[in-house]
Amino acid sequence: MKKIGYRYPQGKMKALTMSYDDGTIHDRRLVEIFNAHGIKGTFHLNSGPFENSGKIDPCEVATLYIGHEVSCHTYTHPFLERVPNMEVVRQIISDKETLESLCGYVVRGMSYPFGTHDSRSVEILRSMGMKYSRTTASHNGFGLPDDFMLWHPTCHHKGGIMEKLERFKNSKFPLNLFYVWGHSYEFNNDNNWELIEEFCAAAEGMEDTWYATNIEIYDYVTALRSCEMSADCTMLYNPSATSVWVEVDGKLVECKGGEHTKLF
Ligand SMILES: [Zn+2]
């Protein structure tokens, strides 16, 4: 029997993504470090307090985060499980609308303020079209979420990222995802910018790894999950608009969007 398995874009085995909250001025230094090492990430911003000191300027948003993703974090950072339904709606609509006007693209993801949520707020957000939302519940592994609206990260950057990077590099399992989250101001408060500098330098240029934003991971994995296979596993139908990659006995096959592809 042939060995058939999904791969990330261009046949990569693994993916790395970063996720940083609150949009403070320290994002400038963090983006610079990511860019210097080809690391990609998502920045979850509260657009309400843009004028507050310590937050990045609205006019910076479009340019600062080029190559990364700008994503929602609510307008004023409430505990979503403690506010009325309509306030959940307003918090997201206001944030999404402001960020979209600054970035010029549809903002489809978010992270939960304080990492907290209840089933009611999750369902409101889902019904509003939010595609993913990151929690702060580290699982310390490299698995993909079942439900992207409850997307638990691998760990916070203080959760032993150098040791985990070694484990990630040595692992041979396909579709591993290393997902790091935090706040850029923590590097300033803790005076440990060298931690993220060392991590990004060590994580740079891994041949078998896809460097992606949160929404790119969501879009690709959703495309994989939408694929349908013939009963004899020789043919794959990809109904999405993006190519997906399948490895068959060590041979890589690109399955283009909207097409049936013969795997072997
Ligand atoms: Zn936050």
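Let me start with a pairing: strand 12 and strand 13 run antiparallel and are joined by five bridges. Before I go on, please keep in mind that this is a predicted model.

Staying with that pair, Val-246 stands opposite Val-253 in strand 13, and Trp-245 has Glu-254 of strand 13 as its bridge partner. The two strands form a hairpin with two residues between them, and in this hairpin Asp-249 takes a positive phi near 50°.

What is on the other side of strand 12? Strand 12, residues 244-248, is also joined to strand 1, by four bridges, and those two strands run antiparallel. Here Trp-245 turns up again, as the bridge partner of Arg-7. Gly-5, for its part, stands opposite Glu-247 in strand 12.

Put together, that gives an open sheet of three strands in the order 1-12-13, with antiparallel pairing. Strand 1 and strand 13 each have a single partner strand, so they stand at the edges, and one side of each has no neighbour in the sheet. On average, and ignoring direction, neighbouring strands here are turned by 30° against each other.

Now let me zoom out to the domains. The domain assignment divides the chain into domain 1, residues 4-222, and domain 2, residues 228-262. Taken over C-alpha atoms, the centres of domain 1 and domain 2 are 29 Å apart. Their contact takes 10 residues from domain 1 and seven residues from domain 2.

Which elements give two or more residues to the side of domain 1 that touches domain 2? They are strand 1, residues 4-7, and helix 8, residues 214-226. Strand 1 supplies the largest share of that side, with four residues. By class, the side of domain 1 that touches domain 2 is made up of five nonpolar, three polar and two charged residues.

Strand 10 pairs with strand 11, residues 235-238, in the antiparallel sense over two bridges. Within that pairing, Glu-228 stands opposite Tyr-237 in strand 11.

Gly-258 is in the loop between strand 13, residues 251-255, and strand 14, residues 259-262. Is Gly-258 buried or exposed? It counts as exposed, because it has 10 C-beta neighbours inside 10 Å. Leaving aside residues up to four places away in sequence, Gly-258 touches Asn-238, Pro-239 and Ala-241. Thr-242 is 16 residues from Gly-258 in sequence, and their C-alpha atoms are 8.2 Å apart in space.

Over to the helices for a moment. Helix 5, residues 161-170, packs with helix 7, residues 193-203, at an angle of about 10°, and their axes are 10 Å apart. The two helices are therefore roughly parallel to each other. Helix 5 brings Ile-161, Met-162 and Leu-165 to the contact, while helix 7 brings Glu-198, Phe-199, Ala-202 and Ala-203. By class, that contact has six nonpolar residues, no polar ones and one charged.

Last, two backbone details. Gln-10 is not a glycine, and yet it has a positive phi of about 60°. You will find Gln-10 in the loop between strand 1 and strand 2, residues 14-21. Thr-74 is not a glycine either, and its phi is positive at about 75°. Thr-74 lies in the loop between strand 4, residues 69-72, and helix 3, residues 85-103.

How do their surroundings look? Gln-10 is exposed, because 10 other C-beta atoms lie within 10 Å. Thr-74 counts as buried, because it has 27 C-beta neighbours inside 10 Å.

Notes
Residues are numbered from 1 along each chain as its sequence is written. This is a predicted model: local features need pLDDT of at least 70, side-chain atom pairs count only at pLDDT 80 or more; totals for chains, interfaces and linings use all residues. Domain bounds come from an automatic or database domain assignment. Two residues are in contact if their C-beta atoms, placed from the backbone, lie within 7 Å. Ala, Val, Leu, Ile, Met, Phe, Trp, Tyr, Cys and Pro count as nonpolar, Asp, Glu, Lys and Arg as charged, and the others, Gly among them, as polar. Axes are lines fitted to C-alpha atoms, for helices over the stretch in contact, and angles run from 0 to 180 degrees between N-to-C directions. Angles under 35 degrees count as roughly parallel, over 145 as roughly antiparallel, 65 to 115 as roughly perpendicular and the rest as oblique. A residue is buried if 20 or more other C-beta atoms lie within 10 Å of its own, exposed if 12 or fewer, and partly exposed in between; C-beta atoms are placed from the backbone. Two strands pair if DSSP finds at least two bridges between them.
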